[in-house]
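Colleague: I would like to learn how to read a structure. Please take me through one, feature by feature.
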Amino acid sequence: MPETLIFWGLSGMAILASALVIGQRNPMYSVLMLIASFGALAGLYIQLDAPFVAVAQIIIYAGAIMVLFLFVVMLLNAPQEDAAEWDRTHPLRRTGITRFGGLLALLLVVELAWALLQVNNVDVPVGAQGDPEALGSVRELGRILFTDYVFAFEATSILILVAMVGAVLLARREGDG
Amino acid sequence: MELRFLVQLAIIGFTFFMLINASALLVLAERKIMGFMQQRYGPYLVGPHGVLQPLADILKLLMKEELRPKGADKWLFTLAPILSVTAAFAAFAAVPWGAETTFFGLLDEPVSLGVADINVGVLVVFAITSMGVYGIVLAGWSSNSKYSLMGGLRASAQMISYELSYATALAAVILLAGSLSLREVVDGQAGTWLGFIPQWYVFLQPVGFLIYMIAGVAETNRAPFDFPEAEQELVAGYNTEYSSVRFALFPQAEYINMTTMSAVATDLYLGGWHGVPFLTELGLGWLVFLAKVGAILFAYIWVRWTLPRYRYDQLMQFGWKWLFPAAVINLVVTAAMVLYFNA
């Protein structure tokens, strides 16, 4: 019973915080709400017997990436979002790029719905079947990551590296050597 | 069962009590050691040799008026110091500080000294301490003052830069110990080589220890890496606009973070509560632990009053071009060694 209560509490927190991320006018509060949402997610991972994933979530997302977000928001010292231009135009009359964003969002919703319907068909990783302890353990996670899923792992690494090099290249000013 | 629960509660209470006192004691130690190093007495008037000075400091801070700048963000300005000190206390929860003990036969089954034994303890401490920076960053931003903002910006940049070296140094120890649980890391360091050299990881990981300590000083924003406050450039950095209790929470968080950093260093590199066999047998290993933490804290203060602050660009250069590559090489060499000797 307390587990169910904690689950609903954490899920409620995650959903509420995520909604507030888009609801806030002040970008600083948006960032903070996103951190709160990540914290709630980490709690859910612990409930799923995956303490390592929970801690990684906090270290990487809440600890490192969001500090960077905060850094950028502070550096730009972005004022409150200017509502005048945005809210008065009809959604259908907005510029093309916004519609494209909407399309992507719709695609994501469809994708997520499809993924959720598949949940019951998912194979539990080899070697961890019927053993939640092993599923959550760092040793098993590392083994699976570097054997069964090594291609996905390496492909992700290269993708991130490419994005990083690209960002550096774009940010470099002309004539900076 | 009842008794066991009470004992565990008492251990948690004791940990909390010691942490609160650590911040007060460190204020005194800092001022006394600084005085000694500058050839003067330091605080001398309150109590014998000035030992009650922290009490006077706390009372003074409590009596002060709480100010909040007009343009400050009301909520975040209040939240920031609370966040700092909460993260500081919470991080210590995963740090074990003594061997399992039955309290001289009081309990049937041994209970562990420390708030919680978590099987990914090293990472939990790391995760929570890395959340502490939000307190500083938010304080800097919410004050609506240029100097505070600069302090907050520096805190976040410094944190990102040095966290990497810190984590990489940790990873090397984890490879040696083969466990993410701090208690298992400590127990891997029991015993001796050749009968007299204690099997502490500091002897296997001298470079890692050095990197850990340097990154640790940077993470806790202590001199020579105290850029977020840098009083010559930024008045007082992120806490410029703070006063009274809200201000007091920042140094308290800093001192508790120092204690946590030292306690984790003791667990990872200096054998935790091992090292003095007869005390360990008596179940008083935690005294050894306390002494080691004290020694590291002394070094912390020593460094602060010996070295001048770096320049900001030097901090970044040093972090990315020297410390991080050194940490990576250390990790690779350690991994190769572990593979070679285990095979």
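Colleague: At what angle do helix α1 and helix α2 of chain B pack, and how far apart are their axes?

Modeller: First, some ground rules. This is a predicted model: local features need pLDDT of at least 70, side-chain atom pairs count only at pLDDT 80 or more, and totals for chains, interfaces and linings use all residues. Residues are numbered from 1 along each chain as its sequence is written, while chains are lettered from A and ligands numbered from 1 in the order in which they are written.

Modeller: Now the general idea. Two packed helices are described by the angle between their axes and the distance between the axes. Axes are lines fitted to C-alpha atoms, for helices over the stretch in contact, and angles run from 0 to 180 degrees between N-to-C directions. Helices (H or I, at least four residues) and strands (E, at least two) are DSSP runs, numbered from the N terminus. Here α1(B), residues 2-37, packs on α2(B), residues 53-63, at about 115°, with the axes 9 Å apart. That makes α1(B) roughly perpendicular to α2(B). Angles under 35 degrees count as roughly parallel, over 145 as roughly antiparallel, 65 to 115 as roughly perpendicular and the rest as oblique.

Colleague: Which residues make that contact?

Modeller: Two residues are in contact if their C-beta atoms, placed from the backbone, lie within 7 Å. From α1(B) come B:A24, B:V27, B:L28 and B:R31; from α2(B) come B:Q53, B:P54 and B:D57. By class, that contact has 4 nonpolar, 1 polar and 2 charged residues. Ala, Val, Leu, Ile, Met, Phe, Trp, Tyr, Cys and Pro count as nonpolar, Asp, Glu, Lys and Arg as charged, and the others, Gly among them, as polar.

Colleague: How do α6(B) and α14(B) pack?

Modeller: Their angle is about 15°, and their axes are 9 Å apart. That makes α6(B) roughly parallel to α14(B). Their contact has 17 nonpolar, 7 polar and no charged residues.

Colleague: What follows α5(B)?

Modeller: B:N144, whose phi is positive, near 55°. B:N144 lies in the loop between α5 and α6 of chain B. B:N144 is partly exposed, with 15 other C-beta atoms within 10 Å.

Colleague: Is B:Q39 buried or exposed?

Modeller: B:Q39 is exposed, with 6 other C-beta atoms within 10 Å. Its place is in the loop between α1 and α2 of chain B. Phi of B:Q39 is near 55°, a positive value in a residue other than glycine.

Colleague: Which residues of chain A does B:A127 touch?

Modeller: A:V55, A:I58, A:I59 and A:G63, not counting residues up to four places away in sequence.

Technical notes
A residue is buried if 20 or more other C-beta atoms lie within 10 Å of its own, exposed if 12 or fewer, and partly exposed in between; C-beta atoms are placed from the backbone.
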